[in-house]
Structures are given as structure tokens and as C-alpha cells.
Amino acid sequence: MDEMMRGQRGWRELAVLGDKINKFTGMIEGLIWSPRSGDNGEQTDEWAFEEGPHSDFPGPTSGSTACVAIMRSNQLVVANAGDSRCVISRKGQAYNLSRDHKPDLEAEKERILKAGGFIHAGRVNGSLNLARAIGDMEFKQNKFLTVEKQVVTANPDINTVELCDDDDFLVLACDGIWDCMSSQQLVDFIHEQLNTENKLSGVCERVLDRCLAPSTAGGEGCDNMTMILVQFKKPIKVDESADEQSSQSEPADIEYKPEESPLK
């Protein structure tokens, strides 16, 4: 991901997300500057070898966390880089499926120091309050280190778990939520809201209202907040009137279908 944000092509892709001037400039450069060809005259990697006035672009100085969950049948795969978090509610109990990559974690601290960085006031080089992220290229400039050994890395932790009948719902949220509520507090709050709110989007809105600070003076509740809530549906029960022998020989496969509520 970080490599795709460097060089001429990386600059163009990021430019289209900027203001109108950057969008126009990016389009013009895309028409003028063509990918570099290999020695044999054949085009190799269009993305990596595109040339132009921004060929030496080192990448963006801003960045983002990434927390992803993929469901395959009854298996859940979670990948995380940064301090966003994935939590599952199982019989009302909160279980963290990801780890917040903060600079004071021993493994993160060791990598940061070995790469030549330092930690001050809980921040990488006194600036960034997380140890892994996409982007933030100023912390990834050591040409003698691989990407996973840089001061800040986008290399994710990957966790795989088996889903079961006891699973209630899944939450993915950024630190703007977790700074205000613990995993168990959020799970308890969501369970309460599901008793009176049918729409998952409505539950998400109530969570954000609960976390939102009363003023912009600072402190908890003033950070940006993003949340996704996935509720697991119960499997369809086998008809009790069905033949017992048939039920035993052809058991129904349990398949969970998520309902995803995007944040409004």
C-alpha cells in the first residue's frame, strides 16, 4: 500500500483526492507522462515505472489506520494496522480481535528504537501517537530497512477466529470511540440500544452521541469517530416436524449473514 503512494503515479492518485487544481494537474500529467518501458521494449510495471515531474515523490506525510474483517462461512479473519480496533460480542462478553498498535507496546517500542526513532510523551518521535499506519511516509525513509522494520510500518497483525452460535455482533471502530469507552462498555451499551432500536445505523448514531464531547474545548470526545456494526443473524432452525432420520443424515449448514450499517 505504501509503495503505491510513492513516485509519479502515487502523486497523481493522491492528487485527484485534493482540490480542483491538483485534480486538473494530475489529469494533465497522466496524459503527458507515459510509463517507462523496459530494456526489451515491453512495458513492465505501469504503476511503479511511470515517470514525470513527481517521480521522486516520497509519499504523503499524513496517514491512516486500517482495520479489516473478512467473513468466510463461519471463519472471521481480522487484519489491523494502527489503533483502530475490532471487537466481537460473544454472549455479551467483549473480546478484542485486534491489538492497538501504540508506541509503548514492547514489540512496537523495540522496532521504533532499532530503526532510529524515539518515543516521547507516548508518541513516535514526539509526534505520532500510534506505531503502525498506512502513509506517514516521513517515518519510513530508512533505505537500509525493510518495510516491516521501519520506525512506523503498515505491516498488519492478522487474527483468525471461528464464529459460533454465541456470537452477537462485531464492531470495528477508530480510537475516537475507544478513547471514550472500553470494549466491554461499548458492547454493553450496544446490547442496551438493540432492545429499543431496530436499525443498526441508529445504534451507531447513539454510540457517537454518547461519545461526543459537549464542547470543542478538547479532551475525550473531540477526535474523529468512525464505527461499523455487524449483527449476526441466527441460523434457520430445522423444522421440528421433519423426519428425524432425514435431519440426522442431512444436517443444515450454519451460515451467518451480516447486516452492515455504514456510519451516517
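Helices H6 and H7 are oblique to each other, a label for angles that are not under 35 degrees (roughly parallel), over 145 (roughly antiparallel) or 65 to 115 (roughly perpendicular). Their packing angle is about 130°, and the axes lie 10 Å apart. Axes here are lines fitted to C-alpha atoms over the stretch in contact, with angles from 0 to 180 degrees between N-to-C directions. Helices are DSSP runs (H or I, at least four residues), strands likewise (E, at least two), numbered from the N terminus.

This is a predicted model, in which local features need pLDDT of at least 70 and side-chain atom pairs pLDDT 80 or more, while totals for chains, interfaces and linings use all residues. Residues are numbered from 1 along each chain as its sequence is written, and side-chain values use heavy atoms, without hydrogens and water.

On the H6 side, the contact (heavy atoms within 4.5 Å) involves Leu186, Phe189, Ile190, Gln193 and Leu194; H7 contributes Leu200, Val203, Arg206, Val207 and Arg210.

The loop between H6 and H7 contains Glu197. Glu197 counts as buried because its relative accessibility is 18%, and buried means under 20% relative accessible area (1.4 Å probe, protein chains only). Leaving aside residues up to four places away in sequence, Glu197 touches Gly202, Val203 and Arg206.

The largest nonpolar core has 22 residues, and those touching the most other members include Leu186, Ile190 and Val207. Such a core is a set of buried Ala, Val, Leu, Ile, Met, Phe, Trp, Tyr and Cys residues joined through side-chain atoms within 4.5 Å. Strand E10 (167-173), helix H5 (175-178), H6 (183-194), H7 (200-211) and strand E11 (227-232) each supply at least two of its residues. H7 gives the most, 6 residues.

How values were computed:
Buried means under 20% relative accessible area, exposed over 50%, partly exposed in between (1.4 Å probe, protein chains only).
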